[in-house]
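Open your viewer and get the selection tool ready. We will go from stop to stop, and at each one I will say what to pick.

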Amino acid sequence: MEITQYIASLSEEGRLLAAAAEQAGPGASVPTCPGWQIRHLLRHTGMVHRWAAELVAEGHTTPHPDGGEPDLDGTALLDWFREGHDHLVRSLEAAPTGLECWTFLPAPSPLAFWSRRQLHETTVHRADAESALGGPLSPVDADRAVDGIDELLTGFHARPKSRVRSSTPRTLRVRAVDTDAVWTVRISEEPPQAVRTSAADPGTDTTDPGTGAADPGAGAADPGTGAADPGAGAADCELSGTAEGLYLALWNRLPLTAVTLRGDRSVARLWTDNSAVTW
């Protein structure tokens, strides 16, 4: 996605979040965030928006503390959220292409990082706000969902702080059926290693479609070098579905029943039980 697409989508997602929060009311429970009410969601997301906007607008090149959550509620809290979201969008729109500021995941540039990160931050929390209404969620197009899965698997969970670990090496495959995107996630005692390949690559099709069992002979090594290909080989478990469904399920905003699971369910549970990203 282009930076302008990130920012435009961020603008829309913030408006949708505020609208859902206003309709639900500050005391409504947020099913996707147990223990939270809408007021907690607005305070958290609004704080993150202001923190990111300050990093971008002031060009901080080292980690900078957030301003904390406000002691606001009701209409005042909703107004505060909208003001902060608008400020973030304007700050990103006004930032120079060569912006220099602190980031915490690899990206082509700091401006690309913060535009992308705040889009997905806001999209996930918009889904939280809409979950409080009990109806359908606003759609996420496939390209944006794939981008968000990339950020989660190859960015967030490549960091040392990822809690997705296993003393027995396991492999999780994620397949977006409405795109050609396939991710292979190697889980071990080290941070997960995720590699994205194309569905057209025969080395990624390593489960028996009749049984769902992993094919131990498929795609184990690069025949040219003999080296193991981290994006191929047997998968203990595969999650497949639309990019949107996988995006929300991997962020634990939809249950595993929202996607198709083949193979060892315990590997999927290893993900859902340990993958939450906390502030």
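The tour begins with a helix and then moves to a sheet.

A word before we start: this is a predicted model, in which local features need pLDDT of at least 70, side-chain atom pairs count only at pLDDT 80 or more, and totals for chains, interfaces and linings use all residues. Residues are numbered from 1 along each chain as its sequence is written, and side-chain values use heavy atoms, leaving out hydrogens and water.

**Stop 1: the helix α1**

Select residues 3-24, which form helix α1; helices here are DSSP runs of H or I with at least four residues, strands are runs of E with at least two, and both are numbered from the N terminus. The end C-alpha atoms of α1 are 31 Å apart, which agrees with the 32 Å that its 22 residues should span at 1.5 Å a residue, taking one less than the number of residues.

Now colour the buried residues of α1, among them Y6, I7, L10 and L17 (buried means under 20% relative accessible area, with a 1.4 Å probe and protein chains only). They pack against α2 (38-58), α3 (74-94), α4 (110-131) and α5 (142-155). Next, click G25, which follows α1 and has a positive phi, near 95°.

**Stop 2: the sheet**

Show the five strands of the open, mixed sheet, ordered β3-β2-β1-β4-β5. At its edges, β3 (193-198) and β5 (260-263) each pair on one side only; pairing takes at least two DSSP bridges between two strands. Zoom in on β2 (residues 181-187), which runs antiparallel to β3 and is joined to it by six bridges. There, V185 stands opposite A194 of β3.

Technical notes:
Buried < 20%, exposed > 50% of the residue type's maximum accessible area, 1.4 Å probe, protein only. Contact = heavy atoms within 4.5 Å.
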